[in-house]
Amino acid sequence: MSLAHRIIPCLDTDGERVVKGVNFVNLRDAGDPAALAARYNIEGADELVVLDIAASRDHRPTFLETIRRVAAELAIPLTAGGGVANVDDGRAILRAGADKLTVNTAAIRHPELLTALAAEFGSQAVVLAIDAKRVGDHWEAFVRGGSVATGIDAVEWARKGVACGAGEILITSMDKDGTRSGFDCPLTAAISRAVTVPVIASGGADTPETFLEVFKEGRADAALAASIFHDSIHGLGDLKRYLGEHGVSVRQTS
Amino acid sequence: MNIALIEYGAGNLPSVERALARLGVASQRASTPEGLESCDALILPGVGHFGALMRSLAERKLIDPIRNAVSRGVPLMGICLGLQAMFATSDEAPGDVGLNLFPQNVSALPPTDRLPHMGWNQLRRVRPSRLLEGVPQDAYFYFAHSYAALDAGEAAVALCDHSASFVAVLEKGNVFATQFHPEKSGPVGAAVLSNFVKQASKSQDGKQ
């Protein structure tokens, strides 16, 4: 008996429609986040992440409506984020039906935002998202969708973020994201060793073997992926069976 | 039957509402002492902070009405922080008093494993359980918490092990609670909620 490793499909949206990896099969409306959410809920996803990658202020009401529509389809936990800049943004996301929120750019600028969010909603609802890229012998945190370097060491930032109140780390490898060449196990393991909270690995998902690697070598507690699920390259059921057969504790669903 | 979700600002109230609706069970929200009095069964959802929850209940003057409903035999189900609120005290808010339906303390989980205890875990059943009737022994439930009741005497019917052995399902007479979130635990979570509704219906039939 032990805590299961989680498999988490991620929906990258423009606030309203899924915008990355949209070659879905067997879906009448392929870009509709609620339709995909309904599918993953049945197929055995352990959690769902929905992100507003545009994160524009004007689109905020549209994204909140998207969260409501997605949450209505789910009997599993939902994490949502994109552009969370203050406690009110966080409250709006949780009120719309998310169980956890992610915060990224604003937290690097104002780490005390993590403390304020944790005080208001509890650490278990605050996920610190870090976009990291290898620079020389370490990894650096980037913000604004990975477009702006911060000069901050990603592992140090993870440690500090947890001290400030983050209850979970979502670590995305910018070197691996979109490559389908496997997760960044050294980065994930470095983060995982540095913090005491659960770590979600993101970027580079491909074959079932890549998930096995990130759980074993990368010491990840959860693994996130988008297109390989959207494109039905790997079914969630088959992936979990594979992991189970290779000694990873997962929640098997029929 | 009239099932009320106790409304005091908890974030997960709509998900519990939707989970009940999926079972074909209508519920209403109760946020006043009068609202609680007319109910056949109560659900106390909860996420967040023990002290904040107790203060919200106190501001709405709901503490005595909840305790009175339990004394009258009204079935009550607590979820996550709703379970913790049933205890006397919590490490999370020293000095604050809970609903005190159980005399024990809610403890901070020791940092042996990663905290928060976040994700899907299995249960260890230690006594017959009405909430878990028909639920497979190896079923996984969704947890998200850093505090837990380590002891609830005979009321503890199922435990979970993460950092410490703690109470995952609690049942005593008309009082039920889960540390996990049944509304977020897929089909097995729905079965737990359905079992609570069945218990509540039985208790109502008994009265008529």
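**Entry 1: across the interface**

I started with charges and found that the rule gives two salt bridges across the interface of chain A and chain B. For my own reference, a salt bridge here is a side-chain nitrogen of Lys or Arg within 4 Å of a carboxyl oxygen of Asp or Glu. One that I looked up joins Lys184(B) to Asp99(A), at 3.0 Å from N to O. Side chains of opposite charge can pair when their charged atoms come close.

Next I looked at the makeup of the side of chain A that touches chain B: 15 nonpolar, six polar and eight charged residues. In this classing Ala, Val, Leu, Ile, Met, Phe, Trp, Tyr, Cys and Pro are nonpolar, Asp, Glu, Lys and Arg are charged, and the others, Gly among them, are polar.

How many residues does the contact take from each chain? I noted 29 residues from chain A and 25 residues from chain B, with contact meaning heavy atoms within 4.5 Å. The two chains bury about 2,300 Å² between them, and 55% of that is on carbon and sulfur atoms. Buried area is the accessible area (1.4 Å probe) that two parts lose on being put together, summed over both.

I also noted 13 residue pairs in polar contact across this interface, both residues at pLDDT 80 or more. A polar contact is a pair of N or O atoms within 3.5 Å; within protein, one must be able to donate a hydrogen and the other to accept it, and residues adjacent in sequence count only if both atoms are side-chain atoms.

**Entry 2: a reminder to myself**

This is a predicted model, where local features need pLDDT of at least 70 and side-chain atom pairs count only at pLDDT 80 or more, while totals for chains, interfaces and linings use all residues. Residues are numbered from 1 along each chain as its sequence is written, chains are lettered from A and ligands numbered from 1 in the order in which they are written, and side-chain values use heavy atoms, with hydrogens and water left out.

**Entry 3: sheets in chain B**

I traced an open sheet of eight strands in chain B, in the order E2-E1-E3-E4-E13-E12-E11-E8, with mixed pairing. Its edge strands are E2 (27-30) and E8 (124-125), each pairing on one side only. Strands are DSSP runs (E, at least two residues), as are helices (H or I, at least four), numbered from the N terminus; two strands pair if DSSP finds at least two bridges between them.

E5(B) runs parallel to E6(B) (residues 102-108), joined by three bridges, and Phe87(B) stands opposite Phe102(B).

**Entry 4: helix and loops**

Over all chains, I have a count of 22 salt bridges. I looked up Asp238(A) with Arg241(A), whose closest N and O atoms are 2.7 Å apart. Both residues lie in helix H10 (residues 236-245) of chain A, three residues apart, about one turn of the helix.

Where does Pro116(B) lie? I found Pro116(B) in the loop between E6 and E7 (117-122) of chain B, and the peptide bond from Leu115(B) to Pro116(B) is cis, with omega near 0 degrees.

Arg144(A) has a positive phi of about 55 degrees although it is not a glycine; I placed Arg144(A) in the loop between strands E6 (138-143) and E7 (148-153) of chain A.
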